[in-house]
Amino acid sequence: MNREIKRLDSRFAIYPLCLVLFGAALWLILLVGSAIQPSLPTPTTVAAAVPSSLSAELYRNLRSPLGVLLLQILVIIAFTRCCATVMRKFGQPEVIGEVIGGILLGPSVLGLLWPAAGALLFPATSLVNLGLLSQIGLIVFMFVVGMELDTEVLTKKVRSAVLISHASIILPFLLGSLLSLVLYKGYAPVGVPFTPFCLFMGIAMSITAFPVLARMLHERGLSRSPLGTVALTCAAVDDLTAWCALAVVAAISREGTIANSLIVTALCGLHIAAMLFVARPFLERLIEVRATENAREKGAIAAVLFTVFFSAFMTEAIGIHALFGAFLAGIVIPKKTAFREALAVRLENFSTIILLPLFFALSGLRTQINLLNDWASWILCAVIILVAITGKFVGSAGAARWSGSTWRESLAIGALMNTRGLVELVALNIGYDLGIITPAIFTMMVLMALVTTLMTGPLLGLLVPEALAASHEKPAADA
């Protein structure tokens with residue numbers, strides 16, 4: 001043993017000699033190279049090329065596009081997670097805290113209280129990169145939402161829930177359309193026809209946030225109860241209907257005429273057929289063969305992600321929106337497989353923790369509460385909130401009572417269907433990007449989404465007290 005150690009020591013003793021020889025050889029190479037180098041012209045801007053100080057050089061590095069984006073990601077993730085934790089302690093879904101965090105980082109709060117910090121963190125030139133990255137996060141998230149939409153449950157429960165679902169769409173849609181008559185002249189963007197503006201306002205009032213609703217029911221132990229099943233089924237039908245209608249509105253706003261929008265809708269129908277009858281069987285066979293073997297699982301994941309981004313690309317190219325393609329890709333993924341469950345958990349954690357907060361921050365940057373600078377604007381905002389609550393709550397609760405539910409169950413369904421949250425923000429950002437709504441209307445609708453979602457938890461606790469108790473016991477059990 002001692003002999004082996006001595007042999008190793010003798011071998012490692014050569015290492016310093018090798019370093020010396022390497023340094024000498026490199027010095028000789030540089031010396032010879034300098035001798036054969038021709039004379040170079042003296043640069044006229046030597047002083048400008050040399051950094052004035054180390055701090056100035058570090059500042060330039062931090063203000064590069066990548067440096068700014070990385071700083072934004074760090075600040076957004078840390079701040080929105082803190083806000084989400086605070087809201088969770090008040091019994092609210094985390095998404096509310098993340099949305100509020102985005103608004104606090106935007107011009108409504110940070111830009112107003114500390115303009116220099118707002119300009120440093122979110123310069124106007126950086127919003128393009130932030131927006132593109134947040135869109136990638138939304139594409140992944142909408143794919144997960146599509147995967148979580150259980151079409152078998154829809155098929156089984158659609159008859160019992162069809163009345164509630166349709167009432168929760170039709171009444172708020174009509175009220176939103178009526179409201180657009182009041183808003184169009186003073187608040188619609190210049191050059192936008194009344195038809196897309198009216199349809200978008202109707203859709204924005206009709207949306208129910210299926211993912212937020214599902215998480216809320218799960219936290220309260222109601223996801224498998226009759227009340228939770230009906231509410232989830234209605235929310236799923238609502239979302240599916242709203243996304244299809246929003247696709248038509250997007251086509252109308254981009255193409256300008258009904259005839260062109262019908263062509264775009266037909267192309268979208270062809271794409272849906274291709275995804276259902278070509279992509280779905282292919283993915284079923286691929287997942288069945290590859291997903292059971294760990295060595296080949298990466299190939300299945302790559303094929304699924306390729307399908308997601310291909311479908312998103314096709315709907316974007318057709319003229320609808322990339323999010324519709326991602327949602328459709330989630331629907332065609334084979335259900336009730338271990339591969340699907342594992343993939344959904346991985347992607348949902350990645351998108352909701354890292355990428356979606358960027359979307360919330362971007363929504364916060366677009367939410368300019370200072371635009372509501374007079375009593376008339378705030379009264380109009382209150383009217384929008386009242387119309388949204390009336391349409392969803394009254395329509396859902398009335399239809400549930402008509403279908404035979406008790407008053408308590410009916411009111412609970414109305415409160416649940418009034419949840420908007422994240423999906424509403426996605427739709428609002430689509431309308432904003434398409435130029436259908438102005439920043440002022442966008443701000444009012446974001447406040448409406450926050451108020452209606454904040455209402456759901458307390459109302460559900462009053463109407464279903466056992467659900468509130470379960471939500472308080474759950475963290476203790478998990479701990």
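Good morning. The protein chain has 22 helices and zero strands; helices (H or I, at least four residues) and strands (E, at least two) are DSSP runs, numbered from the N terminus. This is a predicted model, in which local features need pLDDT of at least 70 and side-chain atom pairs count only at pLDDT 80 or more, while totals for chains, interfaces and linings use all residues. Residues are numbered from 1 along each chain as its sequence is written, and side-chain values use heavy atoms, with hydrogens and water left out.

I begin with the chain as a whole. Of its 479 residues, 47% count as buried. Buried means under 20% relative accessible area, exposed means over 50%, and partly exposed lies in between, with a 1.4 Å probe and protein chains only. The chain exposes about 24,200 Å², and carbon and sulfur atoms supply 71% of that area. Accessible areas come from the Shrake-Rupley method with a 1.4 Å probe, and for residues only the protein chains shown count as cover. Among contacts with a separation of 6 or more, 79% join residues 24 or more positions apart; contact here means heavy atoms within 4.5 Å.

Which residues does L428 contact, leaving aside its neighbours within four places in sequence? They are F200, A204, I437, F442, M445 and V446.

A427 is placed in helix α20, residues 421-433. A427 is buried, because its relative accessible area is 1%. Beyond residues up to four places away in sequence, A427 touches F200, I207 and L246. The C-alpha atoms of A427 and L246 are separated by 7.9 Å, although these residues are 181 residues apart along the chain.

Helix α21, residues 439-463, contains T453. T453 has a relative accessible area of 0%, and is therefore buried. Not counting residues up to four places away in sequence, T453 touches Q92, P93, I96, V212, T419, R420 and G421.

L130, in helix α9 (residues 127-148), is likewise a buried residue, because its relative accessibility is 0%. Its contacts, leaving aside neighbours within four places in sequence, are L69, Q72, I76, F122, L358 and L365. For Q72, 58 residues from L130 along the chain, the C-alpha separation from L130 is 8.3 Å.

The C-alpha atoms of G299 and L286, which are 13 residues apart along the chain, are separated by 8.9 Å.

Helix α16, residues 322-332, is mostly covered, with eleven of its eleven residues buried. Among them are F324, F327, G330 and V332.

Finally, I turn to helix α18, residues 375-402, where S377 is found. S377 counts as buried because its relative accessibility is 6%. Leaving aside neighbours within four places in sequence, S377 is in contact with Y187, L371, L372 and M444.

How do the axes of α18 and helix α19 (residues 407-417) cross? They come within 7 Å and cross at roughly 145°, where axes are lines fitted to C-alpha atoms, for helices over the stretch in contact, and angles run from 0 to 180 degrees between N-to-C directions. The crossing of α18 and α19 is right-handed. A crossing is left-handed if the near helix is turned anticlockwise from the far one by less than a right angle, and right-handed if clockwise.

On the α18 side, K392, F393, S396, A397, A400 and R401 meet W407, S410, L411, I413, G414, A415 and M417 in α19. By class, this contact has eight nonpolar, three polar and two charged residues. Ala, Val, Leu, Ile, Met, Phe, Trp, Tyr, Cys and Pro count as nonpolar, Asp, Glu, Lys and Arg as charged, and the others, Gly among them, as polar.

Thank you for your attention.
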